[in-house]
Amino acid sequence: MNISFYLLPKSEVTYVEQEDTVGHALRVIHKNGYQAVPVINRKGQYVGTVTEGDFLWNLIQEYHMDMEAMRNVRVESLYKRWDYKAVSIEANIAELDQYIMDQNFVPVVDGRNVFIGIVTRKQIIKELLRRKNENKEEKENKE
């Protein structure tokens, strides 16, 4: 099965651009209640993921707790502690499995590395539970 079945399209995904300020990115994350969001460049290409922890780590290590100094810095200049891997829309479930265990979501890109959406761990778990229940019902019907 192709992963497009699980894709949450870009139009429904919260993301930030690498040129956005840290202040803006923090507002986006806070407003939506997410712990991590994808980062794209001006061409729409996926360039990474920024997490709440990245903001905190940079605030402590790079900006010595000076939030005002950090607020106007661009997202692209932040040190990111985790490397959220993206997969191609052509990827199969086995390729997705390599990342979904360690990431809450997996960014999905096209052949030009343009960000087209995400696959969430929640979607995968929902599908597994659906299949489990389906198999259970089939088994009960046979008995």
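Predicted model: local features only at pLDDT ≥ 70, side-chain atom pairs only at ≥ 80, totals over all residues.
How many helices and strands does the protein chain have? It has five helices and seven strands. Read from the N terminus, the elements come in the order β-β-α-β-β-α-α-β-α-β-β-α.

Some overall values for the chain. There are 143 residues, and 38% of them count as buried. The C-alpha trace spans about 70 × 30 × 25 Å along its principal axes. The accessible surface is about 9200 Å², and carbon and sulfur atoms account for 49% of that. For contacts between residues at least 6 apart in sequence, 51% join residues at least 24 apart.

Let me start with helix 1, which covers residues 22-32. The buried residues in helix 1 are V22, G23, A25, V28 and I29. What covers them? Just after helix 1 comes G33, which has a positive phi of about 75°.

Next, the aromatic rings. The count is four aromatic pairs. One of these pairs is Y84 with F105, with ring centres 5.3 Å apart and planes at 40° to each other, and that arrangement counts as tilted. Where do the two residues of this pair lie? Y84 is in the loop between helix 3 (67-71) and strand 5 (87-88), while F105 is in strand 6, residues 105-109. The pair therefore ties together parts that are 21 residues apart in sequence. Are Y84 and F105 buried or exposed? Y84 is buried, at a relative accessible area of 12%. F105 is buried as well, at 7%.

Elsewhere, Y15, Y46 and F115 make up one aromatic cluster. There is also an arginine over a ring: R81 lies over the face of W57, at 4.5 Å from the ring centre.

On to the surface. L56, I60 and M65 make a nonpolar surface patch of about 300 Å². Of these residues, M65 is in the loop between helix 2 (52-61) and helix 3. M65 counts as exposed because its relative accessibility is 55%, and the cut-off for exposed is over 50%.

Now the salt bridges. How many are there? The count is seven salt bridges. I will go through some of them.

Take helix 3 to begin with. R71 forms a salt bridge with E68, and the closest N and O atoms are 3.2 Å apart. Both residues are in helix 3, three residues apart, which is about one turn of the helix. R71 is partly exposed, with a relative accessible area of 30%, whereas E68 is exposed, at 54%.

Then there is the salt bridge between the side chains of D110 and R112, at 3.1 Å from N to O. R112, at 58%, counts as exposed.

The last one is in helix 5, residues 121-142. Here the side chains of R131 and E127 meet in a salt bridge, 3.0 Å from N to O. Why are these two separated by about one helical turn? Because R131 and E127 are four residues apart in helix 5. R131 counts as partly exposed, at 34% relative accessibility, and E127 counts as buried, at 7%. This bridge belongs to a network: salt bridges that share partners join E127, R130, R131 and E134.

To go back over the main points. The chain has five helices and seven strands. Y84 and F105 form a tilted aromatic pair. Among the residues of helix 5, R131 and E127 form a salt bridge. That is all I have on this model.

Note on methods: Residues numbered from 1 in each chain as written. Heavy atoms only, no water. Phe/Tyr/Trp six-rings, centres within 6.5 Å; stacked < 30°, edge-to-face > 60°. Buried < 20%, exposed > 50% of the residue type's maximum accessible area, 1.4 Å probe, protein only. Lys NZ or Arg CZ within 6 Å of the ring centre and 35° of its normal. Patch = residues over 30% accessible without salt bridge, like charges linked within 9 Å, V, L, I, M, F, W, Y side chains within 5 Å. Areas by Shrake-Rupley, 256 points an atom, 1.4 Å probe, with all protein chains shown as cover. Salt bridge = Lys/Arg side-chain N within 4 Å of Asp/Glu carboxyl O. Contact = heavy atoms within 4.5 Å.
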